[in-house]
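Q: Before we turn to individual features, may I see the sequence together with the structure?
A: Please examine both here.

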Amino acid sequence: MKLNRKDVLRFAGLGIGLYLLWLVIYHFVITTHTNWDFLLNYNIVSLSHHLFHFFGIETFIDIESNHVALLRDLTRHTGVLVGDNCNGFKLFSIFSIFIIAFPGNVKSKFIFIPIGMLLIHLANIIRVMALLLINDYNPAYLDFNHDYTFTLFVYLVIFLLWLYWIKHYGKKTA
């Protein structure tokens, strides 16, 4: 794929403009007038809890202020907290802004964005489940894996989705 200078400038301008608009909406509307972040936190923990249950692993959900905890053992209170910075909501927006700003078919964007967001959400659920197991079996490795391994994992998923979008749906020019 080859983009001309006009396409690149349009992508950069639209991407930056949409990101700034997103920041304003997120900080002044979503965080102050909705409980969207908490609902997403709870959804991630709840789906992780149900997947663990499917595999025969007992877990517990606990609400702690704006965080939702997924616990393996109530007596030791070991678990992982999912908060606003870990729920993937900001990643959904960055992913979507890239797809919206990148030249390509609008109809394909409306199909690809929700599918991509679901895959990012699934990656985040896998991340939370893995972190809970790491915390349960070897808590010394939790911080490293939280900060590096699984952050890289989720960003790699997003990057691969972007590459797939560019290769299969992005504007093709000579």
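Q: How many of the seven residues of strand 2 are buried?
A: The model is a predicted one. A residue counts as buried when its relative accessible area is under 20%. In strand 2, residues 67-73, five of the seven residues are buried, and the strand is mostly covered.

Q: In which sense does strand 2 pair with strand 1 and with strand 3?
A: Pairing is read from the bridges between two strands. Strand 1 (residues 60-64) pairs with strand 2 in the antiparallel sense over five bridges, with Ile63 opposite Val68. Strand 3 (residues 78-82) also pairs with strand 2 in the antiparallel sense over five bridges; there Ala69 stands opposite Leu81.

Q: What phi does Ser65 take in the hairpin of strand 1 and strand 2?
A: Two residues lie between these strands, and Ser65 has a positive phi near 60 degrees.

Q: Which residues of helix 1 are buried, and what covers them?
A: An α-helix has 3.6 residues a turn, so residues three or four places apart point the same way. In helix 1, the buried residues are Asp7, Gly15, Trp22, Tyr26 and Ile30. Their cover includes helix 2 (36-54) and helix 3 (89-101).

Q: Where is the kink in helix 1 centred?
A: The kink, of about 40 degrees, is centred on Tyr26, one of the buried residues.

Q: What span should helix 4 have at 1.5 Å a residue?
A: Helix 4 (residues 106-137) has 32 residues and should therefore span 46 Å; its end C-alpha atoms are 46 Å apart, in agreement. At its start, a side-chain oxygen of Asn105 comes within 2.8 Å of the backbone nitrogen of Lys107.

Key:
Residues numbered from 1 in each chain as written. Predicted model: local features only at pLDDT ≥ 70, side-chain atom pairs only at ≥ 80, totals over all residues. Heavy atoms only, no water. Bend = angle between axes of the 7 residues up to and from the residue. Helix = DSSP H or I, 4+ residues; strand = E, 2+ residues; numbered from the N terminus. Buried < 20%, exposed > 50% of the residue type's maximum accessible area, 1.4 Å probe, protein only. Contact = heavy atoms within 4.5 Å. Expected span 1.5 Å × (residues − 1). Polar contact = N/O pair within 3.5 Å; in protein donor to acceptor, adjacent residues only side chain to side chain. Pairing = 2+ DSSP bridges.
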